[in-house]
Amino acid sequence: LEGGERLRRCRPARPPLRELARWEAHVTAASRPVPGTPSGLMDLSDSGLNAKVTDFTKRRSLHVTYATFVRGTLHADFLATLGFPDPRSKIPAIVMTTRGAVQGGVDFSSIGLQFGTDMTESECEEYKKGAVGPLPAGASTRPDAVWKVFSNAPLSEATLSRLFSPPSDGTTWKQHLAGGGRDSAGGRLLEVKWDAYPEYDAGG
């Protein structure tokens with residue numbers, strides 16, 4: 001998070017450019033209106049998509065998502081609720097929830113381990129091993145890692161304290177939220193609010 005560091009997941013293997021372009025075209029056509037077209041939709045007759053995409057002229061509201069990047073470690077009590085009672089053993093790198101769970105009061109959509117853009121494949125493996133792998137003999141705590149939390153509202157101090165252990169530098173999550181959660185001192189917390197995608201209903 002320091003110095004505006006960009007973050008991404010490490011993906012050593014990438015799909016062929018043609019397949020990647022095809023996938024991106026599908027996402028673009030299904031996620032935002034196409035300027036200059038009557039309905040806002042792209043002609044997908046030759047794309048291989050079978051489902052009919054709803055006319056975007058009827059759905060203009062965008063779903064607001066908060067992406068909060070946290071430098072720290074997942075809390076042992078939170079891991080226990082996920083079925084990982086021993087924080088020294090291997091823990092998940094990704095935690096997903098369902099729409100029903102979020103509507104039922106769960107205050108985040110997903111949590112995922114993040115990697116630096118300048119990391120090599122071997123550095124990614126070492127970083128991931130320390131962040132979520134079994135702790136080596138003699139180690140009592142994990143090194144800090146960067147986690148991305150998606151949520152429908154800003155994370156509160158209570159939520160941060162439930163999901164993450166107290167910061168290893170002796171500060172508190174309350175201190176890092178004091179500036180609105182945006183690029184806090186020490187690079188512990190960065191909150192990004194964005195219009196993620198058009199609101200939609202999956203239907204029945």
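I looked up Arg188 first, and with a relative accessibility of 6% Arg188 counts as buried (buried means under 20% relative accessible area, exposed over 50%, and partly exposed in between, with a 1.4 Å probe and protein chains only). I am reading a predicted model, in which local features need pLDDT of at least 70 and side-chain atom pairs count only at pLDDT 80 or more, while totals for chains, interfaces and linings use all residues. Residues are numbered from 1 along each chain as its sequence is written, and side-chain values use heavy atoms, with hydrogens and water left out.

I then placed Arg188 in the loop between helix H6 (173-177) and strand E6 (189-198); helices (H or I, at least four residues) and strands (E, at least two) are DSSP runs numbered from the N terminus. Its side chain makes polar contacts with the side chains of Asp144 at 2.9 Å and Ser168 at 3.0 Å (a polar contact is a pair of N or O atoms within 3.5 Å; within protein, one must be able to donate a hydrogen and the other to accept it, and residues adjacent in sequence count only if both atoms are side-chain atoms).

Next I turned to strand E2, which is largely enclosed by the rest of the structure because eight of its eleven residues are buried. I found E2 paired with E6 in the antiparallel sense over nine bridges, with Phe69 and Leu190 as bridge partners. E2 also pairs with E5 in the antiparallel sense, over seven bridges, and there Arg71 stands opposite Val146. Two strands pair if DSSP finds at least two bridges between them.
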